[in-house]
Amino acid sequence: MTGAAATAPQRRDRSHSLLDLHVLGPILALAALILLGTGISATNESTFLSASNISNVLSRSAFIGIIAVGMTFVITAGGLDLSVGSMAAFIAGLVILTMNSLAGTVESVPMLVLVGMGAALSAGLAAGAINGFLVTNMRIEAFIVTLGTMGIYRSLVTWLADGGTLSLDFTLRTAIRPIYFGGFGWLTWPIIVFAFVAVLGELVMRRTAFGRYCAAIGSNEQVARYSSVNVNRVRMATYVLLGLLVGVATILYVPRLGSASPTTGVLWELEAIAAVIIGGTVLKGGFGRVWGTVIGVLILSLIGNILNLTDAVSPYLNGAIQGVIIILAVVLQREKKAGT
Amino acid sequence: MGDAVTAPLALRDVDRHFGPVQVLHGIGVDLRAGEVHALIGENGAGKSTTMKIMCGFLVPTGGEVLVDGRTRRFADQREAEAAGIVMIHQEFNLAEPLTVEENVFLGAELRRGPLLDKRTMRERTAELLDRLDCRVPPTARVRDLSNPDKQMVEIAKALRQEARVLVMDEPTAVLTTAEVDTLLEQVDRLRAAGTAILFTSHKLGEVKQVADRVTVLRDGRVVHRGPADMSEHAMANAMVGRDVSDLYPAKAAPRGEVALRVEELDVPDHAADVSFELRRGEVLGFAGLIGSGRTEAMEGLVGLRPHRGRIEVDGRSVTIRSPRDAMRVGMVYLTEDRKGRGLLLDKGMRENLTLQSLPDFSGLTVDTAAEERALDDAIARFDVRAPMRDVKVGNLSGGNQQKLLLAKTMLADPEIVIIDEPTRGIDIGTKQQIYKLIRELADEGKAVIVVSSEMQEVIGLATRVLVMREGRIVGALEGDQIDEERINGLQMGLGRAAA
Ligand SMILES: Nc1ncnc2c1ncn2[C@@H]1O[C@H](COP(=O)(O)OP(=O)(O)OP(=O)(O)O)[C@@H](O)[C@H]1O
Ligand SMILES: [Mg+2]
């Protein structure tokens with residue numbers, strides 16, 4: 001036969017080289033932002049590269065970051081979750097109420113903290129399971145379900161707080177401050193947990209059958225079903241995982257202010273989704289990467305940080321710049337397809 | 001070439017590369033007005049690519065496209081359509097949520113003043129469908145149509161455009177024999193009206209029946225061109241580059257015990273009272289017209305659709321609610337719809353190959369090295385020909401997709417294999433390989449069901465044939481009884497044979 005060339009597939013394809021803009025894009029954008037920040041801080045003697053500033057930026061991006069890692073799985077599997085911001089607020093409210101009400105009966109503070117953590121995790125788990133159940137078993141569009149639960153949780157926390165603020169008892173508040181502010185020097189607990197979740201998430205997405213199934217379902221649910229994949233269970237697992245991570249984020253968030261209010265976590269869902277998309281995960285599912293999401297989170301929070309360092313651009317334009325970056329990221333994704 | 005008449009469309013020395021891989025080498029084709037030209041070749045030979053270049057969907061990386069003897073560079077297919085060149089794709093190109101009439105007039109809507117002239121469009125659509133003997137109402141939504149009807153809508157759309165040059169990429173792959181006849185009549189009509197037609201099909205009988213001239217491609221090169229007076233066998237040999245006789249391997253009588261017993265299987269709205277036995281070593285054929293409920297019955301059997309009835313595997317009664325349940329008892333189903341349900345088109349071969357058996361490749365994490373080895377084996381055993389190893393499966397030719405799908409199914413190491421339309425859109429050389437593989441499975445002692453609308457295939461492969469009609473089994477044929485006439489009679493509802 002003359003088909004020798006065609007029968008012996010080569011190992012590598014050129015389009016997979018490191019120069020692929022799709023892979024490099026988010027990294028380049030992050031590098032550019034860091035350079036920009038360094039440049040600006042050199043001119044006005046601000047503290048962009050100082051350990052405390054970096055630690056600050058990372059700690060604050062940890063909440064969104066942890067949630068965005070979970071969101072990466074949901075989106076990769078062709079889903080969406082708009083409820084995470086309200087969910088975080090609601091869980092924060094629940095945790096505060098639980099700890100306050102037990103403060104009289106339970107003496108030991110560590111015990112109380114553990115109970116609070118347990119409450120946060122189980123509430124997150126339950127909330128994720130509710131979203132997952134409605135999406136998978138009731139076959140309702142994820143957008144609709146989570147738009148609904150977003151409103152419900154937001155309203156519930158407003159009701160719990162009676163329109164005002166829920167605050168943790170003063171003694172408790174001081175006791176748990178280290179969960180947000182403590183750690184090993186500049187390496188605070190939120191940073192450690194974020195890093196841990198991110199590394200684990202990347203491994204799960206890339207190396208496990210679960211990650212493979214998420215991408216398969218997002219790519220073509222029918223094919224997954226015909227290939228004996230338990231589509232509903234995997235879908236459900238993505239929402240439960242996300243709920244659980246919202247719980248984790250809340251555990252780190254509550255100690256920061258020691259309170260929850262109707263404005264807690266507002267727009268977190270959009271920031272998380274934006275970070276996922278900037279990182280190169282495809283919004284309609286089928287392909288996701290956790291490391292990209294992490295970079296997306298860092299890009300979003302650095303923009304705010306840099307705007308605060310300089311008077312050249314008003315910090316009020318933060319949202320506009322983030323918007324431009326999100327749109328750019330999607331344009332880059334599309335170019336990758338057209339280029340084949 | 002010294003033709004007196006200039007070709008309305010021709011290719012000269014056309015090359016095409018995809019990345020580093022060259023898939024077309026110096027292709028030359030001339031289409032003439034009032035002539036049907038067949039382009040044949042193995043899967044992946046470059047037929048679709050050639051056609052796409054002719055119709056402005058792809059640009060050549062070398063050589064030129066001539067329209068009426070003059071070089072043209074189409075920026076896109078709209079420009080080609082404006083020049084009277086229309087293509088019907090191998091895959092459907094319809095807007096699923098729209099109605100039939102909206103699709104037929106998509107991009108060329110008729111207007112009366114500022115408003116759409118719906119009435120005329122509906123009438124013209126009805127007229128076109130009528131010419132095609134197609135009975136779908138113009139107001140039906142395309143997503144609700146069966147595959148053959150969709151194909152007819154595609155053809156109606158092309159007829160509406162009154163093309164000077166009509167290029168059809170495997171238009172008959174999803175059609176029944178009767179529908180193919182209707183289509184070929186239309187082709188005759190267009191030819192008589194002076195249209196230049198290029199078409200491709202893996203059913204060489206059709207080629208023989210309708211083509212005036214034939215161009216044979218092999219590995220992206222033209223290896224033969226001439227009048228269509230060659231025999232089917234000669235065409236097959238030219239395509240494959242070796243002798244293809246004995247398409248079907250010799251049958252062997254099944255000796256094994258009963259592997260699967262199905263009693264009174266009901267799949268609501270699709271199939272009722274389906275009962276049969278399947279032995280190890282047996283190839284059981286399911287014949288019937290498209291829409292007779294064979295696919296749905298099989299999908300019910302493996303838990304892809306809700307169903308009632310009793311199922312026994314190896315004498316033990318089993319409950320099957322999902323494909324996983326089916327896989328657990330060693331039964332797998334290979335879908336007829338490889339693009340929509342079989343393969344993830346935007347993923348590579350490795351991910352696709354192991355998707356169904358991923359638990360076998362993963363403990364805590366997926367063992368990619370083992371996956372790569374499985375892919376090596378699959379490429380060798382099923383002769384999958386890919387331009388490069390990490391190609392997206394959507395860019396494989398149809399036949400190679402089918403082989404990969406077969407490899408994926410076999411990786412699950414099933415005992416009972418149900419294959420739905422094993423060779424749809426597959427070249428004759430590959431068919432021979434696939435038939436041999438099916439035979440080998442049976443010889444290994446597996447129990448095999450083949451669902452096929454291609455009667456020759458059922459006749460050539462099966463040791464026993466069940467014929468379905470309107471969701472029910474209407475007859476069983478065995479041994480010498482298996483012939484075209486009997487199957488035809490049963491599937492058209494002309495009588496019952498003893499079961
Ligand atoms: N976009 C693409 N990227 C990379 N390779 C491609 C692409 N499109 C086609 N190919 C390769 O080009 C070759 C020719 O493909 P083509 O679809 O033209 O074959 P074909 O003759 O139509 O086959 P079939 O009978 O299976 O439809 C194949 O090896 C295919 O894998
Ligand atoms: Mg083709």
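In chain B of this predicted model, buried residues account for 57% of the 499 residues, and the secondary structure around them comes to 18 helices and 22 strands. The radius of gyration of chain B is 24 Å, close to the 23 Å that the globule rule gives for 499 residues, so chain B is as compact as a globular protein of that length. Taken along the principal axes, the C-alpha atoms of chain B fill a box of roughly 70 × 50 × 50 Å. Among the contacts in chain B with a separation of 6 or more, 67% are between residues 24 or more positions apart.

For chain B, an unreviewed UniProt entry lists "domain: ABC transporter" at residues 9-244 and 242-495. In the span of residues 9-244 of chain B, which is 33% helix and 29% strand, the end C-alpha atoms lie 33 Å apart.

The C-alpha atoms of chain A fill a box of roughly 85 × 55 × 35 Å along the principal axes, and buried residues make up 49% of the 340 residues in chain A.

The surfaces and charges remain to be described. Carbon and sulfur atoms hold 46% of the accessible surface of chain B, about 20,600 Å², and 68% of that of chain A, about 15,600 Å². In chain B, the mean positions of the 67 positive and 79 negative charges are 3 Å apart, while in chain A those of the 20 positive and 14 negative charges are 12 Å apart.

Conventions:
Residues are numbered from 1 along each chain as its sequence is written. Chains are lettered from A and ligands numbered from 1 in the order in which they are written. This is a predicted model: local features need pLDDT of at least 70, side-chain atom pairs count only at pLDDT 80 or more; totals for chains, interfaces and linings use all residues. Side-chain values use heavy atoms; hydrogens and water are left out. UniProt positions are given in the numbering used here, feature names are shortened, and annotations may be inferred rather than shown by experiment. Helices (H or I, at least four residues) and strands (E, at least two) are DSSP runs, numbered from the N terminus. The radius of gyration is taken over C-alpha atoms; the globule rule is 2.2 Å times the number of residues to the power 0.38. Buried means under 20% relative accessible area, exposed over 50%, partly exposed in between (1.4 Å probe, protein chains only). Contact means heavy atoms within 4.5 Å. Accessible areas come from the Shrake-Rupley method with a 1.4 Å probe; for residues, only the protein chains shown count as cover. Lys and Arg count as positive and Asp and Glu as negative; His and the chain ends are not counted. The place of a charge is taken as NZ of Lys, CZ of Arg, CG of Asp or CD of Glu.
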